[in-house]
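Hi everyone, thanks for making time today. Let me put the structure up on the screen, and then we can walk through a few spots together.

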Amino acid sequence: SVTDAPQPLRDFFAVVDREPDWLDRELLDDGIRFIHRTGAVAPVVLRDLALMAGYLLSGFNHALVMTGALNQGTSRRIAETGKWWMDCTEFGGLERFGDGFKSTLHVRLVHALVRRSLAGREDWDHARWGTPLNQIDMVATYLGFCVVLLGGVRKMGIPVTPRESRGVMHLWRYACWIMGVQEQWLVDSERDGIILLSHALTTQSPPDHTSRELGRALSLEPLERQYPFLQDLRRKLAYHQHLSVTRYFIGARKMPLLGLPDDILPWYPLLTLGPRLLGYSAQRLLPAARRRQEARGRRMQRELLGAVFGDRAHQVIQPGADHPAHI
């Protein structure tokens, strides 16, 4: 739709308009069905394990701190990311003109502008941090949405079949191909993803002050949520629930490295693990119950995004005037 589009823009769309040969839409839909079935568990795992524990790797925290992306207006940024995740995990969301496809290209453009801006700043330490938003950082993030998610939901009591695992891996392989992760880093299987993630993590720096800054900001986000009733009580409950999930996954020793209290117990995951395991195991034998859970789980995900984040959940990354990607 751009009049007299420059050749680089034409070349770019010539690539993303053409589906890769390996894309399997049926397998991709299997991944979407599984994610719907996980209900509120998948967003919790992504928030309290993938995102929070990712802050322990200080190497790519500095881009977040310098853009103010997650240490200022944390709830807004989580809502924006949640909207992108919802767009990508809708049926048809990654079709050429689906909301997930368009949201992903939007985020890719923001990444490009941030990368260009930070690379030219005198306070960006290339020797220590490498290229801003480099491929290995993007690979680690991409694997958080699939490998870390799958491991996390299992530990929360949701069984995963081999077909479901392949579907989730395939979904994020394609979404992150659109995002700009080079094809050499995209994997088919969860096993290969685990190996690649372990390699990527060895490139990262140990926790530093940015880990504490970002971790504490994320931990306090539930205290800003808007609830229709019993707001103070529900804010405090959500705050302690999320901390207990992080404690369950990373252990007490690493909590202070993220600026979090080390006296938190993993009460919420342990209390809900048994009933969740029984309920999801029973669905394997009852196809009708499984289909109902898909619809119910997706409804829970929409309600979580809308009720908790309100109007902030309706947009995907709109950079303000103080953001490097502002145009």
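Let's start with a question: does His170 count as buried or exposed, and at what relative accessibility? His170 sits at 6% relative accessibility, so it counts as buried; buried means under 20% relative accessible area, exposed over 50%, and partly exposed in between, with a 1.4 Å probe and protein chains only.

A quick word on the ground rules. This is a predicted model, where local features need pLDDT of at least 70 and side-chain atom pairs count only at pLDDT 80 or more, while totals for chains, interfaces and linings use all residues. Residues are numbered from 1 along each chain as its sequence is written, and side-chain values use heavy atoms, with hydrogens and water left out.

Back to His170, which lies in helix 9. Helices here are DSSP runs (H or I, at least four residues), numbered from the N terminus. Setting aside neighbours within four places in sequence, His170 is in contact with Trp22, Leu23, Asp24, Leu27 and Leu28, where contact means heavy atoms within 4.5 Å.

The structure holds nine aromatic pairs: rings of Phe, Tyr and Trp (its six-membered ring) pair if their centres lie within 6.5 Å, and planes under 30 degrees apart count as stacked, over 60 as edge-to-face and the rest as tilted. Take Tyr174 and Trp177: their ring centres are 5.8 Å apart with planes at 15°, so this pair is stacked. Both residues belong to helix 9, three residues apart, which is about one turn of the helix, and both are buried. Ring pairs join Trp22 to Tyr174 and Trp177 in a cluster.

Now for the partner of helix 9. The axes of helix 8 (residues 135–155) and helix 9 (residues 162–179) come within 10 Å and cross at roughly 160°; axes are lines fitted to C-alpha atoms, for helices over the stretch in contact, and angles run from 0 to 180 degrees between N-to-C directions. The two helices are therefore roughly antiparallel to each other, a label for angles over 145 degrees, with under 35 roughly parallel, 65 to 115 roughly perpendicular and the rest oblique. Among the residues making the contact are Tyr142 and Phe145 of helix 8 and Met169 and Trp172 of helix 9.

Finally, look at Gly120, in the loop between helix 6 (99–119) and helix 7 (126–129). With 63% relative accessibility, Gly120 counts as exposed.
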